[in-house]
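Please keep the sequence and the structure in view while working through the points below.

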Amino acid sequence: MTAPLVVFFVLAAMAVIGAISLILQKHPIHSALSLIVVMVALAGLYLLLGAEFVAAVQIIVYGGAIMVLFVFVIMLLNAGVEEHTSISKMAGAPGLLLVVALAGFVAATIAKSTESVQAAPQTAEMASTMGISNMLFKEFVYPFELTSFLILVAVLGAIVLAQREKS
Amino acid sequence: MISFFSNLLSANAELAITVVKIVLLLFIVLTVNAYLTWFERKVVAHIQSRWGPHRVGPHGLLQPLADGVKFLFKEDPTPAGVDKFVYYLAPLLTLTLAMTSIALIPFGPNPIRLFNHDIYLGIAPPDVNIGILALFAITALGVYGVTLAGWSSNNKYSLLGGLRSSAQMISYELAMTMSVVGVLLMAGSFNLKKIIEAQAHHPEWGIFGWNIWPQILGFFCFFVAAIAETNRAPFDLPEAESELTAGFHTEYASFKFAMFFIAEYTSMITVSCLCSILFFGGWLSPFPASWTFTHYFPSAVLIPFGLWVIWDGVRYETLFGRIILPGAGTAIAGLGALFMLWHGGNEFIQGPFWLLSKIFVFLFVYVWMRGTLPRFRYDQLMSYGWKLLLPLSIVNVIITSFVILAKMTWWGAK
C-alpha cells in the first residue's frame, strides 16, 4: 500500500467515524465537535487530490467560521443533553428504513457500473489558485456574481433583522 | 543490527530529517517561550519602575526553570461537573495548533548542505504553495481551544471568557485576513518565500523595497487584529482578571494551565514571524544589496553583546553568576567572531539573523504594548474591530488593486 493510500484510508475513516459520532452523540457540543472532525478530514482529502486552495478554504470557512458560529450559539443558549420525546423516538423507524434504502441504492449503482472505480484525475493545474480564479471569473462569472449578490442580500437581511428591536 | 538501522535511515532520509527538525524546533520554541516569559516580566517590571525577577540565578535567568518545575509539580484538580473529554481536549488542541502553525514558517533562504541533503531552516519545505492560507486555516481552528475550555469548565466566569473569546476571534479574523490581501496582490502568491522575494524586487532599495511602505494601512490592521487574535493586552478580554477572575482558564491548574500559557506565547512568536515576513521583508537585509560591508552586522552586534555579558558576569555577586554569565558571553562573542572570520558562516547567517532580529523587535513591541496600554471595554473592542479595522482593511484592498491595475494598464509593468 502506498503512502497516499494509507493517508486516504485514515482520513476517510476519520470522516466516516466523525459523521457517525455526530448522529450518536447526546450533547450538541459533542455533535458539533464531530462535525469539525468531518470537515477537517474532508480538507485532508482535498489536499490529497492536489486541491490545496480548496483544502485551505474548507478549513477556514467550514472548520473555522461556520462551526465556530455553531459552537457559539450552542454555548450561548447553554443547550443541554438532547431530550427524546415519544415522537422523536418514533421518527427513528422511518429513518432506519430510509438509511437502508439509500445504502441499497448506492450499492446497486456501484455494482451496476461497468467501469472500475477510479480516483479523480490529477488536476493540479485546474485545482491551483490560478485555475480556480480563471474558472470563477471567466467561465462561470455570471453564476459567481449572482451568488455574491445573494450573499449580499442575506447580509442586508441579517442586519435588518438584528436592528428591528431599536425602532 | 547497525547496518539495518543505517539502511532504514538512508531509505527514509527525508522523514528522519523532518523528525529531527521537529524535535529541534519544539526544543527551541519551548526554550524561547520560557525565556519570553522572563523577558516580558523584566520589561514590564522596568516599565513600571520595578526590578522584576532577580532572585533565581543571575538577573533571574533561571526563573523560567523554576516556573517550569512549579507547573509540573502543582496539584492538578479536575473540578466537579466538567465535561471530562472536552476539558482535557481543550488545552491539548490549543497547544497543538499553536505549535503546528510555527512549522510553516521558513526561517532562512539558504539550505544547509548536510549528509548530501539540502536541509532548509523551518519544517515545511519553503515552497508551500498555500503557505499563508494554511497558516490562517490553523489559526481559524485555534478558536476552539479557548472556546471549549471556557464551556467545559462548568464555571460561569470560564463560560463568559470563552464566549467573549469566540466573539472576539470571529470579529478580528475577518480584518486580519482582509489586511493581508494587499500583500498577496503585490506578491501574486500565497507562498511565503515568494512574498519575501517580491520585496527584494529592487535589491538596491533595501528597506524601502519592503511591503511596509505601500501597505502601511494593511500592516496597521494586521498587527492590531493579530494582537486581538492572540488574546494579548490590550485585547485580553477573555481573561480579564478584574471581571472574570482568569476567564477561560480559571479552572485549569498545573500543566494544563501551562499548556495554554505556552500556546499563547507560541502564537505571539508566529504573529511576529508573519509581521516580519509579510511586511518587513522577512530575511532581507534593510541595507542595499551592494553594501557588502553590512554583512558583518551580525558580528558587530554579537561580539559587543558577548563582551558586555562577560564584563557583567565578572562583577556579579554570586559565584554561580560569575561562572554562567562569562561562559554565555564567551559563547556569544565566539559565535560573532566565527561569523566574521568564516565566509560561509557569514553568508549563511545573513537571512536568519535579520529575520530573528525582526521577530525579536515585534516580540518587544508586544510586551511594550502590554506594559503601556489599558484594556479595552467590550463594546469598544467590538466597534473597533467592525467599524474601524474591517472597513480600513477593505479600503486598503481596493486602493492596492487600483494601483496595481493602473501600473499594468498605463505603465505596462507587471
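1. Across the interface of chain A and chain B, the rule finds 2 residue pairs in polar contact, both at pLDDT 80 or more. A polar contact is a pair of N or O atoms within 3.5 Å; within protein, one must be able to donate a hydrogen and the other to accept it, and residues adjacent in sequence count only if both atoms are side-chain atoms. On the side of chain A that touches chain B, α2 (28–48) and α3 (52–77) of chain A each supply at least two residues. The largest share of that side, 14 residues, comes from α3(A). Helices here are DSSP runs (H or I, at least four residues), as strands are (E, at least two), numbered from the N terminus.

2. The model is predicted: local features need pLDDT of at least 70, side-chain atom pairs count only at pLDDT 80 or more, and totals for chains, interfaces and linings use all residues. Residues are numbered from 1 along each chain as its sequence is written, chains are lettered from A and ligands numbered from 1 in the order in which they are written, and side-chain values use heavy atoms, with hydrogens and water left out.

3. How many residues does each chain bring to the contact? Chain A gives 22 residues and chain B gives 22 residues, where contact means heavy atoms within 4.5 Å. About 2,000 Å² is buried between chain A and chain B, and carbon and sulfur atoms give 83% of this area. Buried area is the accessible area (1.4 Å probe) that two parts lose on being put together, summed over both. The count of salt bridges between chain A and chain B is 0.

4. Over all chains, the structure holds 7 salt bridges, each being a side-chain nitrogen of Lys or Arg within 4 Å of a carboxyl oxygen of Asp or Glu. Side chains of opposite charge can pair when their charged atoms come close. One of these bridges joins E40(B) to R232(B), with the closest N and O atoms 2.6 Å apart. This pair links distant parts of the chain, 192 residues apart: E40(B) is in helix α2 (residues 13–47) of chain B, and R232(B) is in the loop between α8 (216–229) and α9 (241–244) of chain B.

5. E40(B) also forms a salt bridge with R370(B), the closest N and O atoms being 2.9 Å apart. Here the partners are 330 residues apart, and R370(B) is in helix α13 (residues 343–372) of chain B. Is E40(B) buried or exposed? E40(B) counts as buried because its relative accessibility is 1%, buried meaning under 20% relative accessible area, exposed over 50% and partly exposed in between (1.4 Å probe, protein chains only). R370(B), at 41%, is partly exposed. Salt bridges that share partners join E40(B), R232(B), E264(B) and R370(B) into one network.

6. A263(B) lies in helix α10 (residues 254–279) of chain B. This residue is buried, because its relative accessible area is 3%. Leaving aside residues up to four places away in sequence, A263(B) touches T94(B), L95(B) and A98(B). A263(B) and A175(B) are 88 residues apart in sequence and 22 Å apart in space, C-alpha to C-alpha.

7. A last point concerns V155(A), which is found in helix α8 (residues 141–163) of chain A. V155(A) is partly exposed, as its relative accessible area is 43%.
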